[in-house]
Structures are given as structure tokens and as C-alpha cells.
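Good morning, and thank you for coming.

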Amino acid sequence: MSLSTSRRLALLTSASLALLAGCGSSSDSADAKSAPARVAVVASTNVWGDIARRVGGDRVDVTSVISDPDQDPHSYEADPQNQLALSKAKVVVENGGGYDDFVDRMLKSGHNDSAEVVNAVEVSGKKAPKGGELNEHVWYDFPTVAKVADRISAALAEADPGDAAAFEKNAAAFKAKLAPLEAAEAQIKKAHGGEGVAITEPVPLYMTEASGLVNRTPAPFSEAIEEGDDVSPRVLQQSLALFSGKEVKVLVYNEQTSGPQTEKAEAAAKAAGIPVVPVTETLPKGKDYLGWMTGNVDALASVLAK
């Protein structure tokens, strides 16, 4: 006996629904497989965070512990949110050299032994000069930044081998954009090599040295400012005399650690007609690394050309 029309329609409808459900399940599964989780990256500052983001592209989630220009990495204290991020990170980018020791403390307390850690100072290979201190502000040294980009690429590839080629390609593109910065420094050196510069802290020294400028600041002045100590009256007078005596062509001023003594240096420079180039330790709001450093080098070249 043949099935009724209504019965045949019911069976066809059930089969169609089952087929559609099966197709939907297969599609959802394929979508899930095609969108792997992004690599969790934590950087000590937004400087290294921006570079990690450029190398990782859309395959990473980056958390920068210090992103506020008013925060001082030397004295930063961890908060629970950043502690949690570090405990889950697959890749960690720290500056090293004593600049951001909080990262190692947080990794240890978070029991995260599996993260790939990129230490920029170690990657740089730089050492303290005999009888002196290491200048840990290596993000102002473009050859070091290129090396760190490669090391970040390798660390990301360890965490996500399937995207290794993309990380390597992104690192190469980023390094290509560092080349004009090094060329600009070379041009400054060609035009102004040997001229004197004053600083408030060692922050920009890699940039000024690559530009052929000679730091004439008394070491006790910049060291005291960096450590948050008072400058002795004698050293302060020696530093201010650089400007009245026209011994320097420019003052490079760290805006993030200004105080009464650095303000005196700034005022003395301006009174003597010596230009001031402000710099910072972390990315200014709305800037990326390449744009920030291009502005710094261009500002230095501009004031020296006057």
C-alpha cells in the first residue's frame, strides 16, 4: 500500500532538516578549526607592545603593562589584572637591564614557566662599560630593535608554528621601516658629528650617539636625575654652564622625569638660545613606535640645522 501524500511530505521534511543540521554542524566545526586562538603576549611597556603587535599582526593579543606616560617603569608595582595576564601569557617581552624587574617577579609569582621570554637587553648584547653603568634604554637603538623584532618573531613561532611564515614576514616589513631612521641618524652625523649635546637622563643616548653627537653632561647630573636623587649644587652649576658657555648645540629633555633641577636646565638652555628636544620613555598617546621615533629623529635634525 502506498504512503499518503501527507506522510511522504513529512518524511521528506524530516530528511531535509536532518541534512541541513548535519551541514550546519560540519560548517561550524570547520569555522572553529580555521580560526585558531590568538597568541597571548604581554609586554612590559607599550613600546615593546607596539613592536610585538607589528610582528604578530592579527594573530596576537597584546597587553602592555605600562601604557601611561606618567607611570615610571623603575618603580612600577604590579596590579592583579596584569598579574593575571602574565600568568596566561605565551610570549613575554621585557626590556631587561634592571629597567622592568617587575616582569620577572610577576612571572615567578604567577607560576608561568612555559612562556617564551624575550629580554631586549640580552638580545642587544650590550654590556655596561668598565667602571660605568649599562644604558638600558635600548629601544632608542634601532639595530637592537631590529634584533628584538626577529626574536619576537621566533618566540611567536614557538607558540604558534603554523603562522611562523607570517611572523617572519611581518618582522621583515617592520625592520625595513627602521632603515630610514638609521639613514636619518647617519645624515645628522655627517652634518653635525662631534657637536655637543646635553641630556637630563641617559634615555636618548643611543640615538644621539648614533647621530655623532657628544654628550657633554656631567655624569653625576644625569645619573642623579635617573635615580630620583638630588643633584649637588656644584654639579648643577657645571651642567648649567654648558648652556651659558655655548658648549652644546641642543638639550634633549626627558619629559617623564621633570623636576626642579631639570627645569632649571631647560630654562638655562632656552635663556641661552639653545633648542630643547623633548623625549619620553613610553609611547605618547596616539603614536606608534615608528611614528614616535621618526618624530624624535626629525626634531633633532631640525634644531641642529638652524
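I begin with a definition: rings of Phe, Tyr and Trp (for Trp, its six-membered ring) pair if their centres lie within 6.5 Å, and planes under 30 degrees apart count as stacked, over 60 as edge-to-face and the rest as tilted. By that rule, the structure holds five aromatic pairs. One of them joins Tyr140 and Trp292, an edge-to-face pair with 5.8 Å centre to centre and 70 degrees between the planes. Tyr140 lies in the loop between α5 (120-124) and α6 (142-159), and Trp292 in helix α12 (residues 289-305), so the pair ties together parts that are 152 residues apart in sequence. Tyr140 and Trp292 are both buried, where buried means under 20% relative accessible area, exposed over 50%, and partly exposed in between, with a 1.4 Å probe and protein chains only. Ring pairs also link Tyr99, Trp139, Tyr140, Phe174, Tyr289 and Trp292 into a cluster.

A word on the source. This is a predicted model, in which local features need pLDDT of at least 70 and side-chain atom pairs count only at pLDDT 80 or more, while totals for chains, interfaces and linings use all residues. Residues are numbered from 1 along each chain as its sequence is written, and side-chain values use heavy atoms, with hydrogens and water left out.

Helices (H or I, at least four residues) and strands (E, at least two) are DSSP runs, numbered from the N terminus. How many residues of helix α2 are buried? In α2, residues 46-56, nine of the 11 are buried, among them Trp48, Ile51 and Val55. Just after α2, Gly57 has a positive phi of about 60 degrees.

I turn to the strands, which pair if DSSP finds at least two bridges between them. Strand β3 (residues 91-94) and strand β4 (residues 116-119) are parallel partners over four bridges, and Val92 has Val117 as its bridge partner in β4. From β3 the chain passes through helix α4 (residues 102-109) to β4 in a right-handed β-α-β crossover. Right-handed here means that, with the strands pointing away from the viewer, the path from the first strand over the helix to the second runs clockwise.

Finally, consider Arg105, which is placed in helix α4. Is Arg105 buried or partly exposed? Its relative accessible area is 49%, so Arg105 is partly exposed. Between Arg105 and Gln83 there are 22 residues in sequence and 9.7 Å in space, C-alpha to C-alpha.
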